[in-house]
Amino acid sequence: MILNRKSVYLMFIDAILVNLAAFGSFYLRFEGNIPEEYFLTYYHTAWAGTLIYLVVFSLFGLYNRLWQYASISELLSILYAVTVGTGSVVIVIYFLAPMRYPNTVSVLFWLTTTFLIGGSRFLGRILQDGVFNIRIPGIPKRVLIIGAGDAGALGIRELKNTNYREGYPVGIIDDAPQKQKLKLMGIPVLGTRTDIQRVIKVHKVEEVIIAMPSAPGSVIRDITEICEKSGVVIKIIPGIYNYFSGQVDTLKIREVQIEDLLGREQVNLDIQEVAGYLAGEVVLVTGAGGSIGSELCRQICRFNPEKLIVVGRGENSIFDIEQELRTDCPSVNLTTEILDVKDREKVELVFRKYRPGVVFHAAAHKHVPLMERNPEEALKNNILGTYNVAEISDLTQVKTFVLISTDKAINPTSIMGATKRVAEMIIQSLDKRSQTRYVAVRFGNVLGSRGSVIPTFKKQIAKGGPVTVTHPEMVRYFMTIPEASQLVIQAGAMAHGGEVFILDMGKPVRIVDLARDLIRLSGFEVDVDIKLEFTGIRPGEKLYEELLTAEEGTTSTRHQRIFVAKACEVDVAGVEGLVQRVREKGSCLERDEIVGELGRVVPGFQQGTAKRDAESVSAR
C-alpha cells in the first residue's frame with residue numbers, strides 16, 4: 001500500500017484509539033483498579049498489539065476508502081478487521097506475554113475497538129447525512145417525495161448532499177399500507193396517493209419529486225394530474241433505464257417529460273447474442289443521420305465492431321453524428337460516406353470497398369403527407385433505394401441485412417406505407433435465393449424523432465399555440481428512439497432469414513391526449529393558455545395504425561418484446577417488375593400510374609380509406 005498524508009494521519013489516530021480501547025477494557029473489567037501484573041503485561045505488549053492492528057487494518061483496506069461515503073460494505077470491513085486484529089493480539093499475548101488477558105478483557109477489547117474505530121470512520125458519513133445540518137431559513141423549497149423505495153431514498157440523499165439548497169424534504173407519499181406512519185432516512189411517510197393534495201396544502205409544499213422509476217405511465221399520469229391541480233412544480237427521478245442508450249449514468253432529478261407518462265418498460269438485451277454478431281464485424285448503417293439511424297450507430301459502438309461505416313445523404317446530419325461518435329466512442333474505427341441509396345453505382349463501390357458483414361438499412365422517406373405530394377420520390381427512395389442496397393448486400397456476401405420498416409406498411413392507405421411494404425417484399429424475395437439473412441423490423445412512431453408529433457407540438461406551444469391535432473380519435477403506437485434501436489439490434493441477432501419482426505409497442509395512445517399532456521407539462525392550461533384545434537385527417541393518414549395484416553398473425557420469440565409475423569406469399573415477379581419500372585421511368589411516373597402499380601403488388605393498398613374511416617367515426 002502506498003501511504004499518503006491522510007493514511008499516515010489515520011494510522012496515527014488508530015494507534016491512539018487501539019491503545020485507548022485496550023486501557024478502557026482493563027478499566028471497565030476491574031472497575032478502575034487494574035492489577036499491577038496486568039498493567040505490566042499491557043505495557044510490555046502494547047507496541048506489538050498496536051503494530052498487529054495497523055497491519056491488519058491495512059490488509060483490510062481501511063486506509064484506502066472514502067469514508068464520507070461509507071456504507072454497509074465499509075462497516076463489515078471494520079468488523080472483519082477488528083475481529084482478526086483482536087484475535088491476533090490475543091494469540092500473540094497468550095504465547096509471548098508472561099500473563100494472558102482475561103477472557104472478559106478480550107471481549108471488551110473487541111467491543112471498544114470496534115466502537116472507536118467505527119465511530120472515527122463513520123463520523124464523516126454522519127455529518128454527510130446531515131444529522132447536524134440545520135435547514136437554512138428562507139432558502140430551500142419545501143419538497144414532497146412520491147415513493148418510499150430505493151429511488152425515494154436516493155432523492156432524499158441527493159437533497160441532503162446539497163445541504164438542502166435544492167429543496168427540503170418535508171414528507172413522503174407511498175401507497176403501500178405497511179409503510180404508513182414510518183420514516184425513511186428521518187423523513188415521515190404522510191399518506192397515500194389520495195392524500196397528496198391535503199399534504200401539499202398542510203405542509204405548504206412547493207415542489208413534488210416523483211421517485212417511482214418502475215411505475216407504469218398511467219400511475220405517473222395520475223400523480224401528475226393530481227399535483228397539477230395544486231399548482232406545484234413537478235419533477236421526476238427517471239428509472240435506471242436504457243443503460244445502453246447512454247442517457248442515464250447517475251441520479252438526475254429533472255422535469256417530468258412526455259416519455260414518463262407513457263411508462264415504457266426497460267429493454268433487456270441478450271448481450272452475448274448481440275455481441276456475437278456485431279463484435280469484430282464491419283457494420284454499415286444507411287440513413288445514419290436520421291433519428292433511428294444515428295441511435296443505431298450509438299448502440300452499435302458499444303459492441304466493439306471492427307469498423308462502423310456511417311452512411312447518409314445529408315452532409316450536415318452525417319457530420320453531426322460523426323463528431324458525436326468520435327468524441328464519445330474514440331476507440332471505434334469509424335468511417336463516413338456521403339451517398340444516395342438511389343445511386344446504385346456508388347452503393348456498390350462503397351460495399352465492395354468495405355465489405356460489411358452486417359447492414360442496417362434505415363434510409364427512407366417517412367413523412368406521409370409529404371410523400372403523398374411527391375409519390376415518385378417515395379418510390380425511388382423507399383423501393384429502388386432499398387433494392388439497390390439489398391441486392392448489392394447479396395452480391396458482396398453480407399451476412400445479415402436488417403430493414404427498418406413501419407406499421408404504416410400494413411394495409412397501407414398512403415404512398416409511403418405502400419412503398420415500405422414493397423421494401424419488405426424485396427428483402428423477403430431476396431432471402432429465398434441468397435446466403436444473406438434478410439429480415440425486416442416493423443414498429444410504430446418513435447418519440448422525439450425529427451418531424452414527429454412531439455417536436456411539432458413543442459414548437460407550437462413555444463409560439464403560444466394553437467396546438468393542432470388532425471382528429472380527436474386518432475391513435476398511434478409509440479416507442480422511444482433508444483428502445484426501438486435496441487430492439488432492432490436484438491432482432492438482427494435472432495435472424496434466420498426472411499422474417500418480419502414485430503416490436504411490442506405497448507398500448508396505442510391517442511394523439512389528442514399527448515397534446516393535452518404536453519401542454520400541461522409545459523405549465524399551461526389546455527384551451528385557456530394554449531388552444532387545441534382539430535384540422536382533419538391529412539391525405540394518406542389512418543385513424544388507427546396496425547402492426548399485422550389479417551393473414552399474418554404472429555409467433556413469439558425468445559425475447560418478450562419481439563414477435564415474428566407469419567410469412568405471406570410474395571409476388572416476386574410483380575415486385576421485380578415494379579422495381580424495373582421505377583428504375584426506367586423514375587421521376588416521370590404519374591400519380592395515377594404509381595397508385596395503380598402499387599395496388600397490383602401490395603395487397604390491401606387502398607387510397608382514401610382514412611377519410612372514410614374518420615367520417616364513419618364522426619357519424620357515430
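Trainee: How far apart are the end C-alpha atoms of helix α7, and what span should its residues give?

Mentor: This is a predicted model. In it, the end C-alpha atoms of α7, residues 217-229, are 19 Å apart. At 1.5 Å a residue, the 13 residues should span 18 Å, so the two values agree.

Trainee: Which residues of α7 are buried?

Mentor: Gly-217, Val-219, Ile-220, Ile-223, Thr-224, Ile-226 and Cys-227.

Trainee: And what comes just after α7?

Mentor: Gly-231, with a positive phi of about 70 degrees.

Trainee: Switching to α19 and α20. At what angle do they pack?

Mentor: About 160 degrees. Their axes are 9 Å apart. Angles over 145 degrees count as roughly antiparallel, so α19 is roughly antiparallel to α20.

Trainee: Is that crossing left-handed or right-handed?

Mentor: Left-handed.

Trainee: Which residues meet there?

Mentor: From α19, residues 572-585, you have Gly-574, Val-575, Leu-578, Arg-581 and Lys-585. They meet Glu-593, Glu-597, Leu-598 and Val-601 of α20, which covers residues 591-601.

Trainee: Zooming out, how many helices and strands are in the protein chain?

Mentor: The chain has 21 helices and 22 strands. Of its 620 residues, 53% are buried.

Trainee: What about contacts across the sequence, what share join residues at least 24 apart?

Mentor: 76%, among contacts between residues at least 6 apart in sequence.

Notes: Residues are numbered from 1 along each chain as its sequence is written. This is a predicted model: local features need pLDDT of at least 70, side-chain atom pairs count only at pLDDT 80 or more; totals for chains, interfaces and linings use all residues. Side-chain values use heavy atoms; hydrogens and water are left out. Helices (H or I, at least four residues) and strands (E, at least two) are DSSP runs, numbered from the N terminus. The expected span of a helix is 1.5 Å times one less than its number of residues. Buried means under 20% relative accessible area, exposed over 50%, partly exposed in between (1.4 Å probe, protein chains only). Axes are lines fitted to C-alpha atoms, for helices over the stretch in contact, and angles run from 0 to 180 degrees between N-to-C directions. Angles under 35 degrees count as roughly parallel, over 145 as roughly antiparallel, 65 to 115 as roughly perpendicular and the rest as oblique. A crossing is left-handed if the near helix is turned anticlockwise from the far one by less than a right angle, and right-handed if clockwise. Contact means heavy atoms within 4.5 Å.
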